[in-house]
Every structure is written in C-alpha cells, then in structure tokens.
Amino acid sequence: MKIISVGTCKGGVGKTAISTNIAAMLAKEGSRVLYVDSDPQCNATEAFGISLITEEGRPSFKESETVCALFMPGLKTVKDIVLKPEDERGYLYEEIPTLHAIPGSMALMYTERNLITGLASGNPAYAESEVLRNNLITIFKELEDNYDYLFFDTNTYFSQVNENIFAIVDTFLSVCDPSFEGLMGTMTFSGMWTRTAEELGKEVDFNAGIIFNRYRSNTNLSKKIYQVLKGENLSESEKILYGEFSEFFIDCPISESVKFGEASYISRPICLIPEAYKVRGELENLIEALKEKELL
C-alpha cells in the first residue's frame, strides 16, 4: 500500500479537486483506494457525496466516526470509520466500488487542540495510546493488504495532524496554481515535510512531485509560473527560491476548466462525466507520469 499526502500552504489551488479525481480514476481502473479527508474544510468529503449535515440540520457523524478518531484515544479498528459505496451514511460512487473514504470533520481543529493539550499535560489516555506518529502506522497497518493506495488530503498549515501524517507517507504531492503565492505555498509545504523528517531523525527523502493546476496558455503569468516550475529562464533570485522545483515538477499541467467546479457541485468525479473528456485526458496523462516517477 502506497501512502500519499496531497497539500500545499496556499488555499484555493485545487489540491482537493486534483487528489479526489486522481483517487477516483485509480479506483475506476481497478485499484483499491482509501481516501482520508484530514482537512477541516471537508471539501473532499463533500466531493464524494458524503453529507456532513442531515436534513434536520444535525451532524451526520459523531466525531469518533470521522478522521478525528485517528487522533483520539480509544479507536479499536480503523475499519469502523471507513465508508464504502454501500454504506447508507454516504453513497460515494456506486460505479467505483473500490473507492472508500474516511470522512472529514470540521471538529478536527478541536481534536488537534485536545491532542496537544493531552500530550503536554501528560494525560495517560493519550500517552498510553501513543497518539503520535507510531499510532498512525499501527492504525493503518491492518489495512495494508486491503488497499493499493491511501491518500491524505492535508490542511494548509503546519499542524500536529499534518506532522503525524507526514511521518508515515511514501509520497508528497504539492499542487501549485498560476500565481506567485502558489509558488510560495509549494515552497513552504516542502519546508514543512523537510522539518518533520529532520525532527524525526529520518533521512530527508524527497519522494515528491509538484503538480501545476489551472494552467492557462494564453496568459503571461501562467506561462511564467510554468517556466519557473520547469527551471527555465530563471533569474538569480529565482534560482535561489525555486531552483529545486524542476527536479520534482510533473510536466503534465492541468488546464483551467469549469468542469472541476461542475463535477464538485454534483459530487461526481471527472472520470464519470463523459463531456469532461479534455480534462479527463489531462488527468490520465498526469497519472501515467506519476506512475513513471514511481510516485503512484
């Protein structure tokens, strides 16, 4: 089972749209995929058609039935919180039976606060459950024969949750949009996983890829960001800031398309929307490139 983290330190670049569609396409090809929504915004959960609020306006899940359970004492088996297409709590995609998910929760930020205070205070419940790093390894070890891919959609800041996730992943994927803020978000994100590796005493192994999303070939800014990611025509200052990006850049840009927004609105993946053939083709090329680099 390959464990993949998808993120950046700038919101709005389309990391969730890219990662959920990659996961769906892999599963549609026959791979067994588990997607964990560890971003409190819960966009991935909604994209999968899993409603967080009932028609009566109440939460659809208890915190212990969501991603929060991974960072709380007392979780007996991760299988208890995995949603499958046949689950009545969320339909996912019936056409893709091998795509499963652990739903997100807006309460994750409070779970993280409890985690930090519990560890800092020496709370035995947290100490005994080892709710740090090794705990996630133990939790997901029981699933390693059940799935080919495990995706984490991370939040955009350096958090205890992200640090836990970074400690167990095999591949880091960062998504950049055509803006200099997007470049800085990617650079900051790479610094986050480097710092985590150093704090854990691990070798900094950059098994990583940078994906360029919302590419517009008719704008100068988009062309410039594309050049920077490829390492072409860089100024001296740009070489210092972004010189290493070309080593990790996946040269299969995803064009800006309203199809992503439409797909998200109706909770359907691109691979199940026939008229989204152009974006689907770009995603297929991206997946092949990621596989060639052994990032998938």
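Is Gly182 buried or exposed? At 0% relative accessibility, Gly182 counts as buried, where buried means under 20% relative accessible area, exposed over 50%, and partly exposed in between (1.4 Å probe, protein chains only). Before we go on, please keep in mind that this is a predicted model, in which local features need pLDDT of at least 70 and side-chain atom pairs count only at pLDDT 80 or more, while totals for chains, interfaces and linings use all residues. Residues are numbered from 1 along each chain as its sequence is written, and side-chain values use heavy atoms, with hydrogens and water left out.

Let us stay with Gly182 for a moment. Gly182 sits in helix α7 (residues 180-199); helices here are DSSP runs of H or I with at least four residues, strands are runs of E with at least two, and both are numbered from the N terminus. Setting aside residues up to four places away in sequence, Gly182 touches Lys10, Cys176 and Asp177, contact meaning heavy atoms within 4.5 Å. Ile225 is 43 residues apart from Gly182 along the chain, and their C-alpha atoms are separated by 9.1 Å.

Rolling a probe the size of a water molecule over the atoms shows where empty space is left. In this case the work is done on a 1 Å grid over the protein atoms alone: a cavity is a set of points where a 1.4 Å probe fits but cannot get out, whereas a pocket is an open set with protein on both sides within 12 Å along at least five of seven lines, and lining residues have an atom within 4 Å of a point. Grid points are joined across faces, edges and corners, and a volume is the space filled by probe spheres set on the points. The largest pocket holds about 490 Å³ of space. Its lining has 30 residues, and Gly14, Lys15, Thr16, Ala17 and Arg214 lie nearest its centre. At least two lining residues come from each of α1 (15-28), α2 (43-47), β6 (208-215) and α11 (258-265). By type, the lining has eight nonpolar, 16 polar and six charged residues; Ala, Val, Leu, Ile, Met, Phe, Trp, Tyr, Cys and Pro count as nonpolar, Asp, Glu, Lys and Arg as charged, and the others, Gly among them, as polar.

Helix α1 also meets another helix. The axes of α1 and α12 (residues 277-292) come within 10 Å and cross at roughly 80°. Axes are lines fitted to C-alpha atoms, for helices over the stretch in contact, and angles run from 0 to 180 degrees between N-to-C directions. The two helices are therefore roughly perpendicular to each other, since angles of 65 to 115 degrees fall in that class, under 35 counting as roughly parallel, over 145 as roughly antiparallel and the rest as oblique. From α1, Ile18, Asn21, Ile22, Met25 and Leu26 meet Arg280, Leu283, Glu284, Leu286, Ile287, Leu290 and Lys291 of α12. The residues of this contact divide into eight nonpolar, one polar and three charged.

Two residues around α12 deserve a look at their backbone. Most residues other than glycine have a negative phi, and most peptide bonds are trans. Ser267, in the loop between α11 and α12, has a positive phi of about 55° and is buried, with a relative accessible area of 13%. Glu294, in the segment after α12, has a positive phi near 60° and counts as exposed at 56% relative accessibility.

Two more stops complete the tour. Thr111, in helix α3 (residues 108-120), is buried with a relative accessible area of 3%. Beyond residues up to four places away in sequence, Thr111 touches Glu63, Cys68, Phe71 and Met72. Asn146 lies in the loop between α5 (134-141) and β4 (149-153) and counts as partly exposed at 34% relative accessibility. Leaving aside neighbours within four places in sequence, Asn146 is in contact with Arg32 and Lys79.
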